Amino acid sequence: MTGDKAAQTAPVFTGRRWFFPSALIHELDPDAARSGRRPRRTARDWVVDFACFLLAVLVGLLGARTLNGNHDIPHALAVADQVLGALSCAAIWLRRRWPLALAAAMVPVGFVSETSGGVALISLFTLAVHRPFRYVAWAGGAQAVLVPLYFWWRPDPDLPYLASVVLFVVLVVALVGWGMFVRSKRQLMLSLRDRARRAETEARLRAEQAQRLAREAIAREMHDVLAHRLTLLSVHAGALEFRPDAPREEVARAAGVIRESAHEALQDLREIIGVLRAGDSDDAGRPQPTLAALDTLAAESRQAGTKVTLDRRVTDPAGAPASVGRTAYRIAQEGLTNARKHAPGTEVTVSVTGGPGEGLTVTVRNPAPEGDVPHVPGAGQGLIGLTERATLAGGALEHGPTPDGGFEIRARLPWG
């Protein structure tokens with residue numbers, strides 16, 4: 001998780017940071033959004049702002065020249081116009097911090113001051129870049145409405161009235177369209193970045209889910225394979241512990257079962273580890289148990305001292321699907337293991353019936369044990385795994401005590 005957090009908080013731009021607008025970097029930087037600090041101007045911002053300032057000054061100088069050449073305008077009004085123009089040019093450096101306030105202020109200022117016309121247009125373009133369209137519509141609409149009044153009040157000496165109005169309105173619309181285009185490009189970049197981050201997050205979650213499912217599959221397989229072998233070891237080791245004076249033949253037989261069970265458990269463990277290292281599925285990694293292996297399972301349990309009755313009435317057992325045969329075998333194996341742990345000395349009945357088209361029914365039943373049986377830690381985990389196995393195979397599993405005090409596991413698996 002430390003690596004994920006480091007990846008999420010890493011700087012977005014590590015190379016040409018100066019080439020991007022500060023507002024865009026601020027949106028893409030997760031730390032800046034959390035801290036609430038204002039974005040600092042990049043080298044590109046300084047160049048653009050200085051160019052806008054020079055353009056506003058140039059337009060102001062042209063306006064001042066027009067004012068000085070118009071003798072119908074009083075000198076005091078011309079001086080006031082130029083003062084407003086100078087203040088407006090200075091305010092151009094605030095356009096990134098307060099775009100809406102500057103654009104709103106420039107609507108009346110641009111109407112009364114001819115030297116502030118460039119700043120009014122630049123502020124409208126900035127508003128279109130940094131704010132939604134509804135703010136641009138109000139500011140741009142107000143300027144468009146005032147344009148006919150402005151040229152009626154201060155007609156252009158070089159252009160007719162209608163041409164001046166049309167030209168200025170077209171200029172306003174062009175600037176608004178350009179600003180909205182720039183804003184849409186930035187929003188597209190932000191949306192692509194968000195989609196990339198969501199895709200990375202979803203991929204990480206899918207990987208974590210796959211790892212969790214793999215761990216569960218490994219744990220289930222380890223439990224199913226090793227629990228049966230280790231239970232045999234426990235039973236015979238307990239018999240040797242409580243009967244040290246047993247005949248030599250019984251001791252030798254119990255030791256042989258312990259040795260054989262330990263060998264089989266070690267072999268199963270090696271096979272599982274080999275499958276994990278190879279990265280293959282269970283079916284490709286090693287031979288899987290089928291319905292035919294139930295006889296061997298019953299024989300092993302009888303050799304361990306458990307009374308087992310196997311009732312197998314299956315039509316065409318060789319044609320059973322691999323998943324159905326494997327699941328039936330694991331259910332019978334877990335049922336025998338649980339009976340050996342929780343009801344030692346009882347007779348276990350394993351019944352497997354069914355065929356193609358009608359499904360397969362697996363039942364493992366044992367009566368109540370004689371006397372008290374100590375509680376076994378971790379009881380019930382194997383039944384949870386069996387229920388999941390049966391569900392994945394498309395069937396269902398039920399388990400619980402019987403009326404006579406015993407326990408029964410019943411599973412129904414689809415076949416064909």
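**Close-up 1. Phe125 and its ring partner, Trp178, in the predicted model.** Phe125 has a relative accessible area of 17% and is buried, because the cut-off for buried is under 20%. Phe125 and Trp178 form a tilted aromatic pair. Phe125 belongs to helix α7 and Trp178 to helix α9, so the pair ties together parts that are 53 residues apart in sequence.

**Close-up 2. The pair of Trp46 and Trp93.** The structure holds three aromatic pairs. In this one, the ring centres of Trp46 and Trp93 lie 6.0 Å apart. The planes are at 45°, so the pair is tilted. Trp46 sits in helix α4, and Trp93 in the loop between α5 (75–91) and α6. The two are 47 residues apart, and the pair links distant parts of the chain. Trp46 is partly exposed, at 48% relative accessibility. Trp93 is also partly exposed, with a value of 25%.

**Close-up 3. The ring cluster of Trp46, Phe53 and Trp93.** Ring pairs join these three residues into a cluster.

**Close-up 4. The largest pocket.** This pocket holds about 990 Å³ of space. Its lining comprises 36 residues. Closest to the centre are Glu114, Tyr150, Phe151, Asp156 and Phe168. Two or more lining residues come from each of α4 (43–69), α6 (99–112), α7 (117–130), α8 (133–153) and α9 (161–242). Helix α8 gives the most, with six residues. By class, the lining has 22 nonpolar, nine polar and five charged residues.

Definitions and conventions. Residues numbered from 1 in each chain as written. Predicted model: local features only at pLDDT ≥ 70, side-chain atom pairs only at ≥ 80, totals over all residues. Heavy atoms only, no water. 1 Å grid on protein atoms, 1.4 Å probe; cavity = no way out; pocket = protein on both sides within 12 Å on 5 of 7 lines; lining within 4 Å. Points joined across faces, edges and corners; volume = space filled by probe spheres on them. Helix = DSSP H or I, 4+ residues; strand = E, 2+ residues; numbered from the N terminus. Nonpolar A, V, L, I, M, F, W, Y, C, P; charged D, E, K, R; others polar. Phe/Tyr/Trp six-rings, centres within 6.5 Å; stacked < 30°, edge-to-face > 60°. Buried < 20%, exposed > 50% of the residue type's maximum accessible area, 1.4 Å probe, protein only.
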